[in-house]
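Colleague: I have not looked at this one before. Can we put it on the screen and go through a few spots?

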Amino acid sequence: MEKLKLFPKILFFISLSSLSIWIGANFVKVSLLFNLFQPLPNLPLKSLYSNLFNNDAVNFNSWFTILKPIFSITVITFYVYVVFQVLFLLFSRINIKNNGWIFLSLILTVILLGFELYLNNFDMKLISSNNINPKDTVELIRLRINKIPNFVYAEILMGLTILFLMIFQPLVKKEKNAEL
């Protein structure tokens with residue numbers, strides 16, 4: 001790969017950083033959300049949370065106040081990653097034919113973008129809700145988990161794969177020497 005100028009390097013750094021933050025925040029969000037429910041078909045709340053949320057809305061609001069920034073971080077950092085990745089491609093003028101890592105990361109990003117747009121609808125409803133009703137919020141979280149239950153793990157793995165491709169930049173086609 002040819003040497004990059006300073007501006008594309010900055011765009012690449014911001015893209016890489018926001019992807020790293022998104023992966024970490026998404027992992028935390030998935031861990032917290034899946035910890036709420038028992039692993040049964042209808043996803044009932046664990047007894048600790050059902051007692052806490054059903055009896056006292058104040059406890060739920062304090063718990064949800066902790067969770068809201070994680071939803072915000074995952075929504076914001078993924079879109080920052082996508083925008084800066086596109087800007088990096090435009091300003092660096094990298095030849096996609098000779099750099100397989102950027103091609104694969106673009107394909108994975110497009111796949112992730114479709115699912116993230118869909119799942120972010122649920123996240124935005126949770127973020128923008130000012131009047132927090134514990135039962136409605138738990139149902140919305142349950143609906144989010146039931147829609148695409150196993151994709152959240154694949155999403156994290158795809159993000160880690162993109163991160164690996166961006167850091168190590170494998171699959172670079174070597175240019176043949178004209179003198180040979």
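Colleague: Which way do helix 1 and helix 4 cross, left-handed or right-handed?

Modeller: Helix 1 passes helix 4 in a left-handed crossing. Keep in mind that this is a predicted model.

Colleague: At what angle do helix 1 and helix 4 pack?

Modeller: About 45°, with the two axes 14 Å apart. Helix 1 covers residues 6–36 and helix 4 covers residues 100–128.

Colleague: Let's switch to serines. Where is Ser 105?

Modeller: Ser 105 sits in helix 4.

Colleague: Is Ser 105 buried or exposed?

Modeller: Buried, because its relative accessibility is 0% and the cut-off for buried is under 20%.

Colleague: What does the side chain of Ser 105 reach?

Modeller: The backbone oxygen of Ile 102, at 3.0 Å.

Colleague: What is Ser 105 in contact with, leaving aside neighbours within four places in sequence?

Modeller: Tyr 81, Gln 85, Ile 162 and Leu 165 are in contact with Ser 105 on that basis.

Colleague: Next, Ser 92. Which helix is Ser 92 in?

Modeller: Ser 92 belongs to helix 3, which spans residues 57–92. With 10% relative accessibility, Ser 92 counts as buried.

Colleague: Which backbone oxygen lies 2.6 Å from the side chain of Ser 92?

Modeller: That of Phe 88; the distance is to a polar atom of the Ser 92 side chain.

Colleague: One more serine, then. Where is Ser 17?

Modeller: Ser 17 is in helix 1.

Colleague: What does the side chain of Ser 17 reach?

Modeller: The backbone oxygen of Phe 13, at 2.8 Å.

Colleague: Last one: how far apart are Ser 17 and Phe 103 in space?

Modeller: They are 19 Å apart, C-alpha to C-alpha, and 86 residues apart in sequence.

Methods:
Residues are numbered from 1 along each chain as its sequence is written. This is a predicted model: local features need pLDDT of at least 70, side-chain atom pairs count only at pLDDT 80 or more; totals for chains, interfaces and linings use all residues. Side-chain values use heavy atoms; hydrogens and water are left out. Axes are lines fitted to C-alpha atoms, for helices over the stretch in contact, and angles run from 0 to 180 degrees between N-to-C directions. Helices (H or I, at least four residues) and strands (E, at least two) are DSSP runs, numbered from the N terminus. A crossing is left-handed if the near helix is turned anticlockwise from the far one by less than a right angle, and right-handed if clockwise. Buried means under 20% relative accessible area, exposed over 50%, partly exposed in between (1.4 Å probe, protein chains only). A polar contact is a pair of N or O atoms within 3.5 Å; within protein, one must be able to donate a hydrogen and the other to accept it, and residues adjacent in sequence count only if both atoms are side-chain atoms. Contact means heavy atoms within 4.5 Å.
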